[in-house]
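I opened this entry to record what I looked up in one model, item by item. The notes follow the order in which I checked things.

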Amino acid sequence: MIDPSFWHKKWEKNEIAFHESEANPLLVKHFSDLSLVKGSRVFVPLCGKTRDISWLLSNGYRVAGAELSQIAIEQLFMELGRQPEISTVGEVEQWSANSLDIFVGDIFAVSRKMLGPVDAIYDRAALVAFPEDMRNRYTAHLRGMTGKAPQLLICYDYDQILVQGPPFSIRNEEVHRYYADHYEVTLMASTDVSGGLKGKCPAKENVWRLKCK
């Protein structure tokens, strides 16, 4: 299990090589596979300040997110040019501004009632951030808090012996183990990571669509 302080220190030191300056190309290419109408609400777990949120908002979707680091969310709202209304909800803070709601704190403290209805999940950063001993808990919590909303899942597959995560390697059979009892699981694309993972070993970036059975 990774201690929360690991991620807090990453943001405090601005060690955020995982942060991309543009929307993820796989999101742009495959988000339409979820067949959502404009105005749908998309949940982004462990969202950081990802530019994917800006892309979703600019394409007419509403966004909810969960993130441990307040620093990340301060930067997100600043970069979006939005002034948040901040309230305490249970053990987390809710930062909200027109079509955007971010829950700052432990994702396991965010309930379905607090989150409210969502139409889909976009997970590029969460499953790959949890070590193996936490993934069953995370995926079960995600199903519960979203009512098994359909999901676009992006994860890496590489030799974990060669590179220490995060992002952790998620093998195809793991995705089926976590989700196949509840979703129709479809591998939409599998692409080579340019230059390898962290420049150290070959890796695949896999795009999955999960539709509720």
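The entries below cover cores, helices, strand pairing, cysteines and salt bridges.

**Model.** I am working from a predicted model, not an experimental one.

**Nonpolar cores.** I began with the largest nonpolar core, which holds 38 residues. I asked which members touch the most other members, and the list is F43, I107, L115, Y138, V175 and Y179. I then noted the elements that give two or more residues to this core: strands β2 (62-67), β7 (151-158), β8 (183-192) and β9 (203-212), with helices α6 (132-146) and α7 (172-179). Another core, of 29 residues, lies apart from it, and its members include F31, V42, L57 and W95. As background, I noted that nonpolar side chains in soluble globular proteins tend to be buried together.

**F43.** I listed the contacts of F43, leaving out neighbours within four places in sequence.

**L57.** From the 29-residue core I picked L57. L57 sits in helix α3, which covers residues 51-58. Is L57 buried or exposed? L57 counts as buried, because its relative accessibility is 13% and the cut-off for buried is under 20%. Beyond four places in sequence, L57 has contacts with V63, L80, R82, S99 and L100.

**Helix α4.** Next I went through helix α4, residues 70-80. The buried residues of α4 are A72, I73, Q75, L76 and F77. I recalled that an α-helix has 3.6 residues a turn, so residues three or four places apart point the same way. At the start of α4, a side-chain oxygen of S69 comes within 3.3 Å of the backbone nitrogen of I71. Just after α4, G81 has a positive phi of about 70 degrees.

**Strand pairing.** I looked at the pairing of β9. β7 and β9 run antiparallel and are joined by eight bridges. β8 and β9 are likewise antiparallel, with nine bridges between them. For individual positions I noted that Y156 stands opposite E205 in β9, and that S190 has N206 of β9 as its bridge partner.

**Cysteines.** How many disulfides does the structure have? The count is zero. I checked two cysteines to see why. The sulfur of C155 has its closest cysteine sulfur in C201, at 15 Å, which is too far for a bond. For C212 the closest cysteine sulfur is that of C155, at 19 Å, so this pair is also too far apart for a bond. The cut-off is 2.5 Å. C155 is buried at 1% relative accessibility, whereas C212 is partly exposed at 37%.

**Salt bridges.** A search of the whole structure gave nine salt bridges. I looked at three of them.

- R135 and E174 meet through their side chains, N to O at 2.8 Å. R135 is in helix α6 and E174 in helix α7, 39 residues apart, so I noted that the pair links distant parts of the chain. R135 is buried, with a relative accessible area of 3%, and E174 is buried at 1%.
- R171 and E173 form a salt bridge with their closest N and O atoms 3.2 Å apart. E173 is partly exposed at 48% relative accessibility, and R171 is partly exposed at 34%.
- K204 and D192 meet at 2.8 Å, N to O. K204 is in strand β9 and D192 in strand β8, twelve residues apart. K204 is partly exposed at 34% relative accessibility, whereas D192 is exposed at 59%.

**Network.** Which residues are linked in a network of salt bridges? I found E132, R135, R171, E173, E174 and R177 in it. The R135 to E174 pair and the R171 to E173 pair both have their residues in this network.

Terms used. Residues are numbered from 1 along each chain as its sequence is written. This is a predicted model: local features need pLDDT of at least 70, side-chain atom pairs count only at pLDDT 80 or more; totals for chains, interfaces and linings use all residues. Side-chain values use heavy atoms; hydrogens and water are left out. Helices (H or I, at least four residues) and strands (E, at least two) are DSSP runs, numbered from the N terminus. Buried means under 20% relative accessible area, exposed over 50%, partly exposed in between (1.4 Å probe, protein chains only). Contact means heavy atoms within 4.5 Å. A polar contact is a pair of N or O atoms within 3.5 Å; within protein, one must be able to donate a hydrogen and the other to accept it, and residues adjacent in sequence count only if both atoms are side-chain atoms. A nonpolar core is a set of buried Ala, Val, Leu, Ile, Met, Phe, Trp, Tyr and Cys residues joined through side-chain atoms within 4.5 Å. Two strands pair if DSSP finds at least two bridges between them. A salt bridge is a side-chain nitrogen of Lys or Arg within 4 Å of a carboxyl oxygen of Asp or Glu.
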